[in-house]
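Please prepare a briefing on the structure shown below, grouped by topic and with the cut-offs stated for each term.

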Amino acid sequence: MSTEYIGSVTLYVGAAEVEVTKIDVKNNTGKKPVKTMNRTRRTKGFTRGVGQYDITFTAVVPTDGTAVDWDAIEDAKISLVPDVAGARPTSYLGFCATEAGESYTVDNEMVVDVTGFAVRKVVE
């Protein structure tokens, strides 16, 4: 018997479904090394900082005028819903877009690359 893995997810911003081609989520723990002047010349320990989730995704631009104004996204809920029955959705709360830029690919499609951060992760 083979195991089924999650193949793709659907991205929602608030209640609106967004067509994306790629999404990256990184957990930034906020920990930083403490470098001290000592004879071993090595890091002595770390501090606990404020963590966040760094999120980057690429969305396609629709021609029907329903494109999202990515520059204005503040305190949004982003949900990733797997396409496999029984897999649990993951939501990132407090998402704010810090960068949004358009690009064109060799496949003749215009895409928007969005970078931002979220303050909380909830597995539903």
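Ser79 is found in strand β7, where strands are DSSP runs of E of at least two residues, helices are runs of H or I of at least four residues, and both are numbered from the N terminus. This is a predicted model, in which local features need pLDDT of at least 70, side-chain atom pairs count only at pLDDT 80 or more, and totals for chains, interfaces and linings use all residues. Residues are numbered from 1 along each chain as its sequence is written, and side-chain values use heavy atoms, with hydrogens and water left out.

**Ser79 and Ser91**

- Ser79 counts as buried because its relative accessibility is 10%, the classes being buried under 20% relative accessible area, exposed over 50% and partly exposed in between, with a 1.4 Å probe and protein chains only.
- Ser91 lies in strand β8, which covers residues 90-104, and with a relative accessibility of 1% Ser91 also counts as buried.
- The side chains of Ser79 and Ser91 are joined by a polar contact of 2.9 Å, a polar contact being a pair of N or O atoms within 3.5 Å in which, within protein, one must be able to donate a hydrogen and the other to accept it, while residues adjacent in sequence count only if both atoms are side-chain atoms.
- The side chain of Ser91 also makes a polar contact of 2.5 Å with that of Glu124.
- Leaving aside residues up to four places away in sequence, Ser79 touches Thr10, Leu11, Tyr12, Thr90 and Ser91, where contact means heavy atoms within 4.5 Å.
- With the sequence neighbours up to four places away again left out, the residues touched by Ser91 include Lys77, Arg120 and Val122.

**Salt bridges**

- The count comes to two salt bridges, each defined as a side-chain nitrogen of Lys or Arg within 4 Å of a carboxyl oxygen of Asp or Glu.
- Glu124 forms a salt bridge with Lys77, with the closest N and O atoms 3.6 Å apart.
- This pair links distant parts of the chain, 47 residues apart, with Glu124 in the segment after β10 (120-123) and Lys77 in strand β7 (residues 76-82).
- Glu124 is partly exposed, at a relative accessible area of 43%, and Lys77 is partly exposed at 37%.
- Asp24 and Lys22 meet through their side chains in a salt bridge with an N to O distance of 3.6 Å; Asp24 is partly exposed at 29% relative accessibility, and Lys22 is partly exposed at 48%.

**Largest pocket**

- The largest pocket holds about 310 Å³ of space, the volume being the space filled by probe spheres set on grid points that are joined across faces, edges and corners.
- Of its 19 lining residues, Val61, Ala67, Val68, Trp70 and Val112 are the closest to the centre of the largest pocket; on a 1 Å grid over the protein atoms alone, a pocket is an open set of points where a 1.4 Å probe fits, with protein on both sides within 12 Å along at least five of seven lines, and lining residues have an atom within 4 Å of a point.
- At least two lining residues come from each of β2 (16-18), β6 (52-60), β8 and β9 (110-118).

**Positive phi values**

- Arg41, a residue other than glycine, has a positive phi near 55 degrees, and its place is in the loop between β4 (32-35) and β5 (43-47).
- Asp75, in the loop between β6 and β7, likewise has a positive phi, of about 55 degrees, although it is not a glycine.
- Arg41 is exposed at a relative accessible area of 77%, and Asp75 is exposed at 63%.
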